[in-house]
Amino acid sequence: MVLPAQRALVPLDSVLGLLDLLLDETADEQSAVAPLAESLDGAELAGVLWRTRRVRAAVARWRRRDQELSALLSSARELAELRDLDALLDRLVARAHDLVGTDVTYLSEFDQETDELRVRSTLGTFAPEFRRLRVPPGKGLAGKVVSTRSPQWTTNYDHYLDAPHDAEIDEAVRAEGLVSLLGVPLVAGDRVLGVLFAANRDEHAFTPEEIALLSAFADHAAVVLQTVHLLAQARASAEAARAANEDLARTMAARERASAVHQDLTNAVLRGGTAHEVARTLAASLGRSVEIFDRDLAPLASARTDASGESVTAHVRAAVERSRTTGRCVFLDPSDDGAAVVVAVVAAETLLGAILVGYGDLALGSVERRTIERAAQIVALLALKREAVAEAEERVRGELISDILLGDGAHREELMLRARARGVRLESLRMVVAVLVPRDRRRAAVQALGTWRPGLLAGEHAGCVVVLTDAADPDSAATEVRECVGAPVLVVADAPVATWGELGGRFEPLRQCAELLHGMGIQDTAVNAAAYQPYLALFGARRDGIVAFTEAVLGPMLRWDRDHSTDLVKTLRVYVDSHGSPARAARALNVHINTVSQRLDRITMLLGPDWREPEPFFRVTVAVRMHALATGL
C-alpha cells in the first residue's frame with residue numbers, strides 16, 4: 001500500500017501573520033501571505049487569499065458600521081439635550097452632514113395645513129434662494145418622499161422621472177449645482193415632520209449603507225424633533241394655563257373690588273349721599289383722580305389722588321358726546337389703557353353730567369370700565385333724585401306763592417305754617433318782584449333765586465317768575481334780582497306794602513307793567529313799576545293801543561324820517577325833555593340853535609301849527625315818551 005505524500009505543515013508564524021492581516025486594515029497583504037507560499041500550492045494559496053480579502057472587507061464594514069452607530073448614538077444623545085427648535089434643526093443638519101459626508105445637507109419642514117415643504121436649515125449651500133425654497137404638494141423628489149414615507153434617491157435629478165418636476169425647484173437645484181440627491185422622511189407615528197436631504201454636486205450612486213445610515217439618523221431625529229414639538233406645546237400650554245390663572249385671579253380681584261364699590265355706591269344712594277361721596281369711593285377703588293361734572297360740564301364734585309387733573313377741553317367735550325350715545329367709557333387716548341377716561345351721565349337721552357377719571361397705574365380693563373359706568377348710573381340716580389326733590393320743592397313754593405297772591409285771608413294761619421315749613425316768615429315779606437323770562441329758563445331762574453337771599457319765596461305764577469321778599473327799595477331789589485337770574489331778563493318791582501296780606505293786590509299791576517314793557521320791545525332791564533303807572537292808566541297792558549296812539553300823533557313825522565333819513569323824532573324828544581326851550585335842546589343835541597329852529601319849523605309843518613298848545617303838547621309829550629320806550633331809548 002502506497003501512502004500519499006505527507007503535506008508540509010504551515011508554520012505558526014505564518015498563521016499568526018495571516019490573523020494579524022485580518023485585524024489590521026493598514027497591513028500589507030502580500031507580505032502577510034508570502035510565507036504561506038512555501039507550504040501551500042497555488043490553488044490553495046489563491047483560496048486563502050480570496051477568503052482573507054472577504055474577511056477583511058467584512059471586518060472593515062463592521063468597524064465602519066460600529067463607528068457610524070457610535071456617531072449616531074452620540075448624535076441622538078446630543079440632540080436629545082436641545083430644546084430650541086431652530087438650534088435643533090441646525091444641529092440635525094450638521095450631524096447628518098458629518099455622517100454621510102455629502103456636499104450639501106438640508107432639512108425641509110412639512111406644513112400640515114398646506115402640505116408644503118419649506119427649507120428650514122442647510123449646510124454646504126451658497127445660493128440664497130435655495131434657503132427660501134418651498135416645495136408644493138406632490139412635486140419633485142421631496143414630494144415623493146412625503147407621499148411614500150420612504151427614502152427616495154437619484155444619481156441625476158435632471159433625469160428623475162418618478163415625480164413631476166416644479167420649475168422653481170428645478171431652478172433652485174440648478175442654481176445650487178446639485179446633481180445626485182437622497183431624501184429620507186422624518187416620521188413620528190403617522191405624521192410626517194419633514195424630509196432630510198443629502199446631495200452631491202456630481203453623479204453619485206447612493207449605497208444601501210448610506211441610505212440605511214441616513215434613514216436611521218432620520219428616525220432618531222424625528223423622535224427628538226417630535227419630543228421638542230411636544231415639549232414646546234406643553235410649555236405653551238403651561239404658560240397659557242399660568243396666564244389664564246393670572247387673568248382669572250386679576251378678574252376675580254377686579255370683580256371683588258367692583259362689587260365692593262357698587263355696594264358702597266348703592267348705599268350712598270339709599271342713605272341720600274352726594275356726588276362727592278361717589279367721587280371719593282370711585283377714586284379710592286381705582287387709585288385715580290375723579291372729577292364729576294353737571295349737565296353744563298361745570299365742576300360738581302372732585303376726589304384727587306394727585307395734584308393734577310384733566311380740564312374740560314374741547315377734546316373732553318367730544319369724548320362726552322361719544323359716550324352719550326353709547327353710555328360706555330371713552331378713553332381720551334385710545335392706545336393707552338392707563339389714560340384718562342370719560343363716561344357721560346345720562347337718563348334716557350338727557351345729559352345730566354359726566355365723570356372724568358384721570359391717569360393712573362391701574363389698567364382700566366372691562367371690569368374697571370364697567371365700575372365707572374355703574375358709578376355714572378349712580379350719579380344719574382342722585383341727579384334725578386335731586387332734581388325730583390327740587391322740582392317738588394319748586395312746585396310747593398309756586399303753589400304757596402299762588403295761594404298767597406290769590407288768597408282771601410280765610411286760610412291765613414295755614415299759609416303761615418306752610419311758609420314756616422319752607423323756612424319763610426310771611427309777616428316779614430313786604431314786596432313783590434315779577435320776572436319775565438322765557439319758559440325754558442324759568443326753572444333755572446327759580447333755582448338761582450332760591451340762593452339769592454334767605455327768607456324769600458320764589459316760584460312760577462301766572463306765566464312769570466314771582467319773588468316775595470322783605471326788601472325795602474324796589475329799584476335795588478329789581479337790579480339784584482336781574483343780576484341773580486342773569487340777562488337778558490325783564491324785572492319789575494313795586495313799592496313795599498304794610499302787611500303781607502296786601503301782596504296779592506300788587507301782583508296784577510306788576511304783571512301788566514311787565515307785559516306793557518315787553519310788548520314795546522323792552523326785554524332786558526330792571527325797573528320800578530311806579531314810573532310806568534301813568535302809561536298803564538292811559539293804555540293798560542295792550543301794545544296795540546300804544547302803537548295806534550303814537551301813529552295818530554306822530555305819524556307824519558315818523559314817515560318823514562323814514563323817507564328822508566332824518567331824525568326829527570329825536571329832536572322833538574330832546575325839545576320836550578328840555579321843557580320846550582330851543583336853546584337847551586340845541587345844547588343837548590350839540591347843534592346851533594338855528595338848526596333846532598329849522599327842525600321845529602319842519603315839525604310844525606308836519607304836525608300842524610297848534611301842536612305846541614297845552615292839550616296837543618301833552619299828547620305829543622306822551623307819544624314821544626311811548627315811542628322812546630318802544631324803541632328802547
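Start at E109: at 18% relative accessibility this residue counts as buried (under 20% relative accessible area is buried, over 50% exposed, in between partly exposed, with a 1.4 Å probe and protein chains only). The model is predicted, with local features needing pLDDT of at least 70 and side-chain atom pairs pLDDT 80 or more, while totals for chains, interfaces and linings use all residues. Residues are numbered from 1 along each chain as its sequence is written, and side-chain values use heavy atoms, without hydrogens and water.

**Stop 1**

The term means a side-chain nitrogen of Lys or Arg within 4 Å of a carboxyl oxygen of Asp or Glu. R120 is partly exposed, at 24% relative accessibility. R120 sits in strand β2 (residues 117-123) and E109 in strand β1 (residues 104-110), so the bridge ties together parts eleven residues apart in sequence. Helices (H or I, at least four residues) and strands (E, at least two) are DSSP runs, numbered from the N terminus.

**Stop 2: along helix α7**

Select E239 and R242. Their closest N and O atoms are 2.2 Å apart, in a salt bridge. Both lie in helix α7 (residues 208-270), three residues apart, about one turn of the helix. E239 is partly exposed, with a relative accessible area of 41%. R242 is partly exposed too, at 38%.

**Stop 3: helix to loop**

Go to E373 and R328. Their side chains form a salt bridge, 3.0 Å from N to O. E373 belongs to helix α10 and R328 to the loop between α9 (314-326) and β9 (330-331), so this pair ties together parts 45 residues apart in sequence. E373 is buried at 7% relative accessibility, whereas R328 is partly exposed at 45%. Back at the first stop, shared partners join E109, R118 and R120 into one network of salt bridges. The count of salt bridges comes to 22.

**Stop 4: the largest nonpolar core**

Now select I404, L426, L457, V466, L468, V492 and L503. Of the 37 residues in the largest nonpolar core, these touch the most other members. Such a core is a set of buried Ala, Val, Leu, Ile, Met, Phe, Trp, Tyr and Cys residues joined through side-chain atoms within 4.5 Å. Elements giving two or more residues include α10 (366-406), β14 (464-469) and α14 (503-519). α14 gives the most, with seven residues.

Centre on L503. Leaving aside neighbours within four places in sequence, L503 is in contact with L405, L429, R430, M431, V432, L468 and V497 (contact: heavy atoms within 4.5 Å). Apart from this core lies another, of 30 residues, among them V261, V290, A301 and L352.
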